[in-house]
Amino acid sequence: GRLQVFRAVFSALTQVDLLHACANLRAPDQRLADAVEARQEIDLRTGAAFTRWMTLRYQAMFPELSDQPLSFGPCQFPTLGFVVERWLRIQRFVREPFWSIKLEAMKEGQLVKFSWRRVRLFDRLATMALYELCIEDAAASGAIVTRVVEEPKSRWRPLPLNTIELSKLASTKLRMAPARCMQVSEGLYQRGILSYPRTETDRFQPTIDVQALVAAQAGNSQWGAYAQNLLNSGRYTAPRHGARDDHAHPPIHPVRSAERGELDDEHWRVFELVTRHLLACCSPDARGNRTEVEAEVAGEGFVTAGLVVADRGWLEIYPYSNWANDPLPRFVVNERLVISALEMAESQTQPPPLLSEADLIGAMDRAGIGTDATMNEHIAKIQRRHYAVKNDDLRLEPSKLGVALIEGYQRFAAESGLDLSKPALRASMENAMSAIARGEQDRRQFLADAIAATSRCYAAMERNAPAMDASLSQHFTGRSEHARVAPVVQAGFSSC
């Protein structure tokens, strides 16, 4: 008979998980296999064809690129496109001056700063006229409190941790590259310390004993007392349910406790982040009371707000986030305030910052390109290919090669209507591959449609190659031009 194959499905390298997996073997899912095979084939076909065309053409055309492979990937280029588009937006940004009015008042010995309800105006004369009215009215009657509103506020505990959120937190809180975070997380998984770190899931299934996961940390020297208190004082709170579930692996969590001395610095920081995140998920929401006060001068509204944190909840165990206690003095409606400062300030609009790796992962996730397991690799790859670099602020800045390629594809898109630097085409393919995994689409039909679409793009790129050439020529010197500007080694060496 034919060989029968079964899978042992597990998400943690613990004795319990492995024994359970071996005792409950599953038949392979042909739908998932079809989706993986479809992704591999279309990515290989597209990447090989476009990479070969660009590399052969532009290595021969531009001496500066003679040793530079120009790789193309259907996820890699939209990823680079996000980086270049943000950089171009900054370069094209024109600062505009604006004006605002700031008010400060003394109350019970505390200086309280109020913001202008209008926020800002781009008309200096209009702002000046309003400011002069405020000056006159302030001198005569001061500022009158017109509204005091108090309301309860909550900071919800975080959702259980998936790969995308772990990558973003590692980048922003640990200042660790997402690709490196994944390598460290996989090392912790292989040592039986963390669950499988590549998952889209941000909700625990009812079959998972989350309280047992918390109890496993009760003996830890760093947060053991917090875990014990969570379980023994009645403050344990069931984790929130996110909207994502890949039906393959649970959210990332620690499967056992570990002490600082067992791990090097990188592995400890990732383990600490994951563990504190789990404890935060199982803690009460943070609760407080927010007070907003509005005062009026010459008909112009000025607003301030303060916060009193009543219960820090999950923030007690989670140093990666904060909720500052900023109480206001007591105000009452119709109270007259003593103004200590009333100023007209000038400023300028500012361009957005370059994208951080966390920003880029968020943009890729929203656009629907890449998977939780590959997003980090796409970001690392555009850096390995010298299409982008991280600056001193750990933000991504495109190289001139990265800018030239994206501008070239956009110029080619203007003539052909097919912009491969945008995520639309890849996002539609990702949706189709997800449909294959659900059994809603046929793999062969998807491949036929995807190959036809990319073939049209390839043919259009060949037809519009001069548009690409012109874009790269703005950043690199061609061979003929390079020869004309060659340096003179020795002049007048012959009388001929």
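Here is a walk through the helix packing, pockets and cavities of this structure.

This is a predicted model, in which local features need pLDDT of at least 70 and side-chain atom pairs count only at pLDDT 80 or more, while totals for chains, interfaces and linings use all residues. Residues are numbered from 1 along each chain as its sequence is written, and side-chain values use heavy atoms, with hydrogens and water left out.

Let's begin with the helices, which, like strands, are DSSP runs numbered from the N terminus (H or I of at least four residues for helices, E of at least two for strands). Helix H2 (residues 30-61) meets helix H15 (residues 465-473), with axes that come within 12 Å and cross at roughly 50°. Axes here are lines fitted to C-alpha atoms, for helices over the stretch in contact, and angles between N-to-C directions run from 0 to 180 degrees. That angle makes H2 oblique to H15; the scheme is under 35 degrees for roughly parallel, over 145 for roughly antiparallel, 65 to 115 for roughly perpendicular, and oblique for the rest. The crossing of H2 and H15 is right-handed, a label for a near helix turned clockwise from the far one by less than a right angle, with anticlockwise being left-handed. On the H2 side the contact (heavy atoms within 4.5 Å) uses Trp53, Arg57, Tyr58 and Met61, and on the H15 side Ala465, Met468, Asp469 and Leu472. Sorted by class, the H2 and H15 contact has six nonpolar, two charged and no polar residues. For these classes, Ala, Val, Leu, Ile, Met, Phe, Trp, Tyr, Cys and Pro are nonpolar, Asp, Glu, Lys and Arg are charged, and the others, Gly among them, are polar.

Next comes H13 (424-437), which packs with helix H14 (residues 443-463) at an angle of about 170°, the axes being 10 Å apart. H13 and H14 are therefore roughly antiparallel. Leu425, Met429, Ala432, Met433 and Ile436 of H13 touch Arg443, Phe446, Ala450, Ala453, Thr454 and Cys457 of H14. The contact of H13 with H14 splits into nine nonpolar, one polar and one charged residue.

Gln76, Thr79, Leu80 and Val83 in H3 meet His378, Ile379, Lys381 and Ile382 in H11. This time the contact of H3 with H11 has four nonpolar, three polar and one charged residues.

Now for the empty space. Rolling a probe the size of a water molecule over the atoms shows where such space is left. On a 1 Å grid over the protein atoms alone, a cavity is a set of points where a 1.4 Å probe fits but cannot get out; a pocket is an open set with protein on both sides within 12 Å along at least five of seven lines, and lining residues have an atom within 4 Å of a point. Grid points are joined across faces, edges and corners, and a volume is the space filled by probe spheres set on the points.

The largest pocket holds about 1600 Å³. Its lining has 42 residues, with Leu32, Glu200, Asp246, Ala248 and Asp372 nearest the centre. H2 turns up again here, giving the largest share of this lining with six residues. By class, the lining of the largest pocket comes to 19 nonpolar, nine polar and 14 charged residues. The second largest pocket has about 810 Å³ and 25 lining residues, of which Ser11, Asp17, Thr207, Ile208 and Pro250 lie nearest its centre.

There are also two cavities of 30 Å³ or more. The largest cavity has about 110 Å³, and its lining includes Thr46, Phe50, Leu425, Met429 and Thr454. H2 and H13 are the elements that give two or more residues to this lining, and H13 gives the most, with three. The second largest cavity has about 30 Å³ and is lined by Thr163, Ile164, Ser167, Ile361, Asp372, Met375 and Asn376. Helix H5 (163-173) and helix H11 (375-384) each give two or more of these residues, with H5 giving the most, three. The lining of the second largest cavity divides into three nonpolar, three polar and one charged residue.
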